[in-house]
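Here is a short briefing for a reader new to this structure. Please look over the sequence and the model before reading on.

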Amino acid sequence: MTAIKRSWRRSGALVAVATAGVFGVGLAAGPAQAHTPVWSLTCTEVQIDLTQYNAQAENTVTVTVDGKELLPTETFKKEFHKKLELPKHSSELSVRLVVKAGDGENFSRDETKKAPVCEGESTPPATPTPPATPTPPATPTPSDTPTTATPTPSTSTSAAEVPPPAEPSSNSGDLAETGSSSSTPLIAGAAAAVMVAGGGIMWAARKRRSAQH
């Protein structure tokens, strides 16, 4: 009987230790698997609710809008709750939430959502630019008016320096000298007389010959 009691006691102790171990593992695993990152968007704000994180670890959260920080990195423990106002926008915004859990990367989150445009805030149509008014040409000032230079008579064409016309010769009957002297007619007459005399001599000689035959 004593041996049986001892065996029962040992069995009970083992069962108790095993149960406590399983329960302890469940308690340790429960909070680790219960990380709940909840966040939502409207056209004007971001609502962030992070619950059931490990209170013994340092967890961080960051929010950016179109690459610009809306919420700089903040550290939290078990929970984090915050509402952020979005900037005014006429097109969708890209909102990114980054949560880093201090007890493991598998519990971290990196998510991106689109913030819609509020009604009545759509992009207005572009106003057409009026055509440029043509600038009238500038009126020239008196100083800009070209002046006509008065020609100054050249000294070479001055009337005072033009030589007077030559006066006509009083000997209008004489011919202008051409290089021949006044004896030229006499020589021509003598030559003609010689030619006539020669012709007469030749004629007489022919007549004499014809008479002799």
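Strands (E, at least two residues) are DSSP runs, numbered from the N terminus. Gln52 sits in the loop that joins strand E2 (45–51) to E3. The model is predicted.

**Confidence**
- Mean pLDDT for the protein is 74. A value of 70 or more is reached by 58% of the residues.
- Residues 20–32 have pLDDT below 50. Beyond near neighbours in sequence, that stretch makes two contacts in the model.
- Residues 155–160 stay under 50 in pLDDT. The model gives them two contacts beyond four places in sequence.

- Gln52 has a phi near 60°. That is a positive value, and the residue is not glycine.
- Gln52 is partly exposed, because its relative accessibility of 41% falls between the cut-offs of 20% and 50%.

**Thr64, in E3**
- Thr64 belongs to strand E3, which covers residues 59–65.
- Thr64 counts as buried because its relative accessible area, 16%, is under 20%.
- Leaving out residues up to four places away in sequence, Thr64 touches Glu69, Leu70, Ser94, Val95 and Arg96.

**Asp66, between E3 and E4**
- Asp66 is placed in the loop between E3 and strand E4 (68–76).
- Its phi is near 50°, a positive value in a residue other than glycine.
- Asp66 has a relative accessible area of 45%, so it is partly exposed.

Note on methods: Residues are numbered from 1 along each chain as its sequence is written. This is a predicted model: local features need pLDDT of at least 70, side-chain atom pairs count only at pLDDT 80 or more; totals for chains, interfaces and linings use all residues. Side-chain values use heavy atoms; hydrogens and water are left out. Helices (H or I, at least four residues) and strands (E, at least two) are DSSP runs, numbered from the N terminus. Buried means under 20% relative accessible area, exposed over 50%, partly exposed in between (1.4 Å probe, protein chains only). Contact means heavy atoms within 4.5 Å. pLDDT is the predictor's confidence in each residue, from 0 to 100.
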